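Thanks for sending this one over. Here are my notes, meant to be read with the model open beside you.

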Amino acid sequence: MEVSRRTFIKTTLIGGAGVSVFGFSLAPVYAQTQGLKIARTTETRSTCPYCSVSCGVIIHTLGDKAKNAIPQVVHVEGDPDHPINRGTLCPKGASLEQDIVNERRLLKPQVRRPGSDHWDDISWDDAVNEIARWTKKTRDETFIDKDKNGYTVNRLETIGWIGGCTDTNELNFLAVKTMRSMGVCYFETQARV
Amino acid sequence: MTEWWDKQIRRADELIPKANGSKELLTFYAQLLRAQKDVYDFLRSRQNWLPSGELEADLRMLSVALSGFLKIVERHGPAPLAAEAHELSQADAQTIAERMLSYWRSPSDIQFFEKAFLQPYLRWVADSGAKPVGREVSAGERYCPFCGGNPQVSFLQNKETTAESGNRDLICGTCLSSWEFRRVVCANCGEERPAKLGYFHSPEFDHIRIEACDTCKHYIKGIDLTRVGFAAPLVDEIDGAPLDLWAREHGYTKIELNLVGV
């Protein structure tokens with residue numbers, strides 16, 4: 001049976017149906033192919049950000065790579081090839097998809113005023129202005145330039161910073177630069193990876 | 001290993017009534033599996049004989065099982081295969097030996113009879129602890145570590161008891177052994193960049209997907225046993241033949257054609 005793979009592919013595609021290399025009619029197979037709804041996903045290996053164990057994860061992203069399409073994360077699972085977790089994840093890591101896709105995620109800043117029992121929406125401009133105003137007021141009132149022995153310390157003990165585990169390197173870099181420039185000493189982040 | 005053949009046959013019989021476009025392919029494959037099982041059982045039941053792993057030496061014993069195998073293909077196969085089966089049944093021992101040895105030295109997925117007939121032999125070689133000898137095959141992560149064959153299908157299966165996700169294994173198209181393979185890697189060229197690896201899935205075949213590579217434009221079908229645990233990768237792969245045609249229409253070439261030629 002002298003049929004090359006190239007010839008086979010051609011006979012399969014020309015006219016839609018054709019026969020397989022061993023002589024099977026592919027017409028019914030092709031008919032079913034026409035009704036298939038096919039979606040493309042990408043699997044990307046990454047690292048869970050939640051703790052210092054640094055479990056390997058695989059992130060499944062839906063999208064056909066079209067220019068105007070936004071890829072959508074559809075699933076996150078443990079990486080079975082990762083030597084640390086070998087496919088397993090803790091309950092927090094297993095919910096990682098919800099860190100990325102979550103309808104309850106806050107999309108705008110909110111503020112709870114003194115004495116209030118609820119959160120109010122606030123614009124980004126107003127939020128940034130208020131934060132700047134309160135930061136400056138607090139710093140101006142409580143900044144310590146010298147300790148009781150007269151040594152220069154230039155520290156601010158009334159403001160603290162707590163970072164989250166999913167903060168990026170870039171955010172953490174800016175946070176350190178900003179806080180240290182203001183003299184903030186109480187600086188911590190949950191990022192461990 | 002006899003149970004392994006029974007499982008494949010059972011799965012094919014289960015899928016045939018439900019199959020749509022691939023019904024004819026599965027019907028033939030179910031009969032082919034029975035013929036292969038007969039060959040395997042014949043070899044396994046020989047007293048005072050074990051395969052050496054050198055086909056030339058084992059061919060004499062193996063040839064005894066050929067006529068029964070050819071009859072089944074002639075009865076159930078499509079016209080071209082039936083005609084070739086008839087032709088082979090009339091051929092002399094030397095012609096048969098030449099064809100088998102040629103495939104043995106340099107395997108090709110379009111040599112149906114050689115591939116289908118030698119699969120149960122190689123299976124028994126593996127099960128009996130021998131090793132194939134005299135094959136000119138490539139070595140490397142993507143080739144079968146036992147016989148050097150190309151992967152036919154991949155499958156995902158939980159190996160860590162508390163894991164939700166599946167480890168990936170490849171099944172050899174030549175000897176039907178399976179070996180571990182990394183998840184996010186092309187089984188043909190070793191591409192690892194996520195943007196170059198596409199996984200195509202259709203709700204009609206919930207546990208089957210096309211694992212394609214945009215670098216080498218090859219693909220392999222993957223069966224997810226974490227979704228359908230009783231699936232048999234080699235059989236379900238044939239049931240998913242419509243996905244093969246879709247992949248080819250989109251410019252991908254299969255790493256190894258299966259025994260129905262898709």
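The points below go from the contact between the chains to the helix pairs.

1. A word on the basis first. This is a predicted model, in which local features need pLDDT of at least 70 and side-chain atom pairs count only at pLDDT 80 or more, while totals for chains, interfaces and linings use all residues. Residues are numbered from 1 along each chain as its sequence is written, and chains are lettered from A and ligands numbered from 1 in the order in which they are written.

2. Start where the chains meet. Chain A brings 39 residues to the contact and chain B brings 43 residues; two residues are in contact if their C-beta atoms, placed from the backbone, lie within 7 Å. On the side of chain A that touches chain B, the elements giving two or more residues are helix H1 (5–13), helix H2 (27–34), E1 and strand E3 (72–78) of chain A. E1(A) gives the most, with 7 residues. Helices (H or I, at least four residues) and strands (E, at least two) are DSSP runs, numbered from the N terminus. By class, this side of chain A has 19 nonpolar, 11 polar and 9 charged residues. Here Ala, Val, Leu, Ile, Met, Phe, Trp, Tyr, Cys and Pro count as nonpolar, Asp, Glu, Lys and Arg as charged, and the others, Gly among them, as polar.

3. Now look at E1(A) itself. Strand E1 (residues 39–47) of chain A pairs with strand E4 (residues 197–202) of chain B in the antiparallel sense over 3 bridges; strands pair if DSSP finds at least two bridges between them. A:Ala39 has B:His201 as its bridge partner, and A:Thr41 has B:Tyr199. Within chain A, 7 bridges join E1(A) to strand E2 (residues 56–62), again antiparallel, with A:Thr44 opposite A:Ile59.

4. Which residues of H4(B) meet H5(B)? They are B:Ser67, B:Leu70, B:Val73 and B:Glu74, and their partners in H5(B) include B:Leu81 and B:Ala85. Helix H4 (residues 66–76) and helix H5 (residues 79–90) of chain B pack at about 155 degrees, with their axes 8 Å apart. Axes are lines fitted to C-alpha atoms, for helices over the stretch in contact, and angles run from 0 to 180 degrees between N-to-C directions. H4(B) and H5(B) are therefore roughly antiparallel (over 145 degrees).

5. Finally, the axes of helix H6 (residues 93–105) and helix H7 (residues 112–127) of chain B come within 10 Å and cross at roughly 80 degrees. That makes H6(B) roughly perpendicular to H7(B) (65 to 115 degrees).

Terms used. Angles under 35 degrees count as roughly parallel, over 145 as roughly antiparallel, 65 to 115 as roughly perpendicular and the rest as oblique.
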